[in-house]
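Please look through the sequence and the model below before reading on. The paragraphs after them walk through the fold step by step.

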Amino acid sequence: MSTDDHSSLRPDPASDEQSPNDTAPTTSRRRVLVKIGSGLVAGLSASVLAGGAGTPPPNTGARPPLQSVKRDPTTQYPRPPFPKQTQPWPGLASQMTPRPNHGETSYQGTGRLVGRKALITGGDSGIGRAVAIAFAREGADVAINYLPVEESDAREVIALIQAAGRKAVAIPGDIRSETFCQSLVAQAVRELGGLDILVNNAARQHAVDSILDLSTELFDWTLKTNLYAMFWITKAAMPHFQPGACIINTASEQAYDPSANLLDYAQTKAAIVNFSKSLARQVIHRGIRVNAVAPGPIWTPLQPSGGQNPAKIPVFGADTPMKRPGQPAELAPAYVTLASQESSYATAQVYGVNGGNAAP
């Protein structure tokens, strides 16, 4: 999977000092969120917090380190070469070397999603996990969907959401089933008490060098996971949305610059871009916004579990201007910004977060 300056997408540090425009409740909320973030490090096991070589250095103060601390982005996270590694599909973040950074010890919220209720597919690892952590620390209750074999990763995410003081709902299941997609939304709405944000993020990617080797079964697997599920879940969620709700779909730079060995995956990502733009125009009269994020190469379990040719894993991301892959933590601020009321004028947009590649 996956040119603009995204400095505005970084989480802003909370302030304990009251400005002339602050009210007492706002300041109190910020203090509470800071305490939640600070207590997270002490409350979770080392296995959950391990971030590999990409984890920012420990903070000596009371607060966790911030993603917004000024650092050289080309060296902020691990660069190739990486160890050779493969995993059976769908892969686990806990088994990757280096372990992906999802913002476990770095993302600090500022209350931008307080009171919101979000459903995220593929929320156990990768981009979905980073988004779940960020949403929770911004004040949202979060339901995540994942495959049953990803339970160990999902349990870590649930613990992180709860450590942020938010409600966490785990809903395992295969989104290739329309019936399950409908029950997924129904359960999320029931347990969260409503639904404000939908993140269609789960995806299937497998590298196949020739169309002659791309079976109908694999082709169907990709389209059912990446397109049909998005359609089914969005359709089921729509009746529950009120004005101010939003949908964020995970597209990819593959929609604009497709790789030869990702024929089925790339076309689904192009379709996601068009789905997002078309649906945005269809539902804006109801006060519902629809946008997409198009990542570049991101260090997630998607890659070593068949998404890339195993020979390419050691140099994954080296062909970007930053000479490294992105980390899931670097995607989360884009989703937060699109979900927040700060982006009230943004709909039918595609945000590229791709290490300097030209599109979108």
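This is a predicted model: local features need pLDDT of at least 70, side-chain atom pairs count only at pLDDT 80 or more; totals for chains, interfaces and linings use all residues.

Residues are numbered from 1 along each chain as its sequence is written, and side-chain values use heavy atoms, with hydrogens and water left out.

Helices and strands are taken here as DSSP runs, numbered from the N terminus, with at least four residues of type H or I for a helix and at least two of type E for a strand; two strands pair if DSSP finds at least two bridges between them. Seven strands form an open sheet with parallel pairing, and their order is β3-β2-β1-β4-β5-β6-β7. At the edges stand β3 (168-172) and β7 (350-353), each with a single partner strand, so one side of each has no neighbour in the sheet. From one strand to the next the twist averages 15 degrees, where axes are lines fitted to C-alpha atoms, for helices over the stretch in contact, and angles run from 0 to 180 degrees between N-to-C directions. Within this sheet, β1 and β2 are paired in the parallel sense over five bridges, and Lys117 has Asp141 in β2 as its bridge partner. The helix α3 packs on the sheet and touches β1, β2, β4, β5 and β6 (289-295), its direction making about 170 degrees with that of β1; contact here means heavy atoms within 4.5 Å.

Further along the sheet, β4 and β5 pair in the parallel sense over four bridges, and Val199 stands opposite Ile248 in β5. How many residues of β5 are buried? Five of its five residues are buried, where buried means under 20% relative accessible area, exposed means over 50%, and partly exposed is in between (1.4 Å probe, protein chains only). Both faces of β5 are covered, with Cys246, Ile248 and Thr250 on one side and Ile247 and Asn249 on the other. The helix α9 lies across β4, β5, β6 and β7 and runs at about 170 degrees to β6. Eight of the eight residues of α9 are buried, so this helix is largely enclosed by the rest of the structure. Its buried residues, including Tyr335 and Val336, pack against α3, β4, β5, β6 and β7.

These elements meet again in the nonpolar core, a term for a set of buried Ala, Val, Leu, Ile, Met, Phe, Trp, Tyr and Cys residues joined through side-chain atoms within 4.5 Å. The largest such core has 35 residues, and those with the most contacts inside it are Phe135, Val142, Ile144 and Tyr335. Two or more residues come from each of β1 (117-121), α3 (126-137), β2 (141-146), α4 (151-163), β4 (197-200), β5 (246-250) and α9 (332-339), and α3 gives the most, with seven residues. Leaving aside residues up to four places away in sequence, Phe135 touches several others, among them Ala118, Val142, Val199 and Tyr335. Apart from this core lies another, of 29 residues, which include Phe180, Leu195, Trp232 and Met238.

Next come the aromatic rings. Rings of Phe, Tyr and Trp (its six-membered ring) pair if their centres lie within 6.5 Å, and planes under 30 degrees apart count as stacked, over 60 as edge-to-face and the rest as tilted. By this rule the count comes to four aromatic pairs. One of them is formed by Trp89 and Trp221, edge-to-face at 6.1 Å centre to centre, with 85 degrees between the planes. Trp89 lies in the loop between α2 (46-49) and β1 and Trp221 in helix α6 (residues 216-237), so the pair ties together parts that are 132 residues apart in sequence. Trp89 is partly exposed, with a relative accessible area of 25%, and Trp221 is partly exposed at 22%.

A cis peptide bond joins Pro80 and Pro81, with omega about 10 degrees, and Pro81 lies in the loop between α2 and β1. Ala348, in the loop between α9 and β7, has a positive phi near 65 degrees although it is a residue other than glycine, and Ala348 is buried, with a relative accessible area of 10%.
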